[in-house]
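Biologist: Could you walk me through this structure, please?
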Amino acid sequence: MIPVTTLKDRKVALFGLGGSGFATARALISGGAEVTAWDDNPDSVAKAAAEGIRTEDLHSIDWSQQALFVLSPGVPLTHPKPHWTVDLARAAGVDIVGDVELFVRERRAHAPDCPFIAITGTNGKSTTTALIAHILKSSGYDTQLGGNIGTAVLTLDPPKAERYYVVECSSYQIDLAPTLDPSAGILLNLTPDHLDRHGTMQHYADIKERLVAGSDVAIVGVDDSHSALIADRVERAGVKVVRISRRNVLADGIYAEGTKLIQAAGGAMLPFADLDGIQTLRGSHNAQNAAAAVAACLAVGVFADDIRTGLASFPGLKHRMQPVGQRGRVVFVNDSKATNADAAAPALSSYDRIYWIAGGLPKTGGITTLAPYFPRIAKAYLIGEAAAEFAATLGEAVPYEISGTLERAVAHAAADAERDESAASAVMLSPACASFDQYKNFEVRGEAFVGHVAALDGIAMLIGPATGEK
């Protein structure tokens, strides 16, 4: 835990008692703050009170006495309309922040020079975050991984010299971190997302820009127009910018040329690494993620050879294009985190011959946008509520069966792939659907896939079935 000592003996209001909210309340109390917490869910309030956290309806407190208001990132700050607590805080002139802001204040107070890498972007940020942390850990650094990737940032070990922090930041977290100041800040890309919470694409982009604008080194993917303009603006403001691209040759920066990462400086191009053969970094989207990781690790002083070694040994992000088993020429890939068509596209673009397990609780639009990848699909195995709808979309373009269950789909796909005489193929769970018709969440669905794969005869598992880790 990181005790929030910068608010010792001061009154702090807090709203939102989910996982990160509880962690924040504990960190504030541990640091000596006088916390008053609340949530719209009575069960969350009761749980907090039972743990000794002071609770009170924030309608009733004296806002003029509050030094700060800490808001959980899942609670609306601006759109579709500010939460009622936001209105109360603003009326009283109380600053509104989130847990990432508390972290950066503690870092500045206790170890301002400890390396801090922050990552954002519409797509790829979790993989990039995990890859950077893996490179640092495999290079022998004391590495702390957290933020939007699933570990609340204030549950990490306290800042100290030579401790490296790798923090994934959502747009909601950035919006609540006005003094975010990483050693290296990464903006991977921008496409429309979360506009219900940010109102417009421009407002969404403006929020993402704050992360790199406050960085010592800004690493920006320049393959979309919003991000390219941000790189130019930040550079004009005096920030050192490293541009990355998966599509275009750069005179300065790091770009992908097929599977090769090229480091360019002053027009000179030098090969840095080749991702060919690294199963967990297949596809042009992962070339961008790897380029960002390379740039960030170089920015905080990691040796080039250590970075290359870390790239080669990356185990992948759990449930995201994760190779979990091998049988002969067939690799089994867990992409359970692909809960809509856009999320499934990267995996489908990364293999040439796919036995595709898809379906579940369908999202609006189904899989029509995936039609460009249909030629890569040898056969589809459809499960869950979406099976009939997906079958209609596939029509005569792709052979398919209605498997119904994941267990049956794995067994049939594995048998068909084994008979395939192609050089290589993939049995891939990339559902393009939510899991809730058959599973509690995508993690449970992914673990079920791993278990069914592990039960196949002659399988060589690449991960442990119980943990999903190498």
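**Contacts of a helix residue**

Modeller: Leaving aside neighbours within four places in sequence, Glu-101 is in contact with Arg-108, Leu-176, Ala-177, Pro-178, Thr-179 and Leu-180, where contact means heavy atoms within 4.5 Å. This is a predicted model: local features need pLDDT of at least 70, side-chain atom pairs count only at pLDDT 80 or more, and totals for chains, interfaces and linings use all residues. Residues are numbered from 1 along each chain as its sequence is written, and side-chain values use heavy atoms, with hydrogens and water left out.

Biologist: Where is the place of Glu-101?

Modeller: Glu-101 belongs to helix α4 (residues 99-110); helices are DSSP runs of H or I with at least four residues, strands are E runs of at least two, and both are numbered from the N terminus.

Biologist: Is Glu-101 buried or exposed?

Modeller: Glu-101 is buried, its relative accessible area being 0%; buried means under 20%, exposed over 50%, and partly exposed in between, with a 1.4 Å probe and protein chains only.

Biologist: Turning to the sheet, what is the order of the strands?

Modeller: The open sheet has seven strands in the order β19-β18-β16-β20-β15-β14-β22, with mixed pairing; two strands pair if DSSP finds at least two bridges between them. β19 (400-404) and β22 (460-461) are at the edges, each with a single partner strand, so one side of each has no neighbour in the sheet.

Biologist: In which sense do β15 and β20 pair?

Modeller: Strands β15 (residues 330-334) and β20 (residues 425-429) pair in the parallel sense over five bridges. Phe-332 has Val-427 in β20 as its bridge partner.
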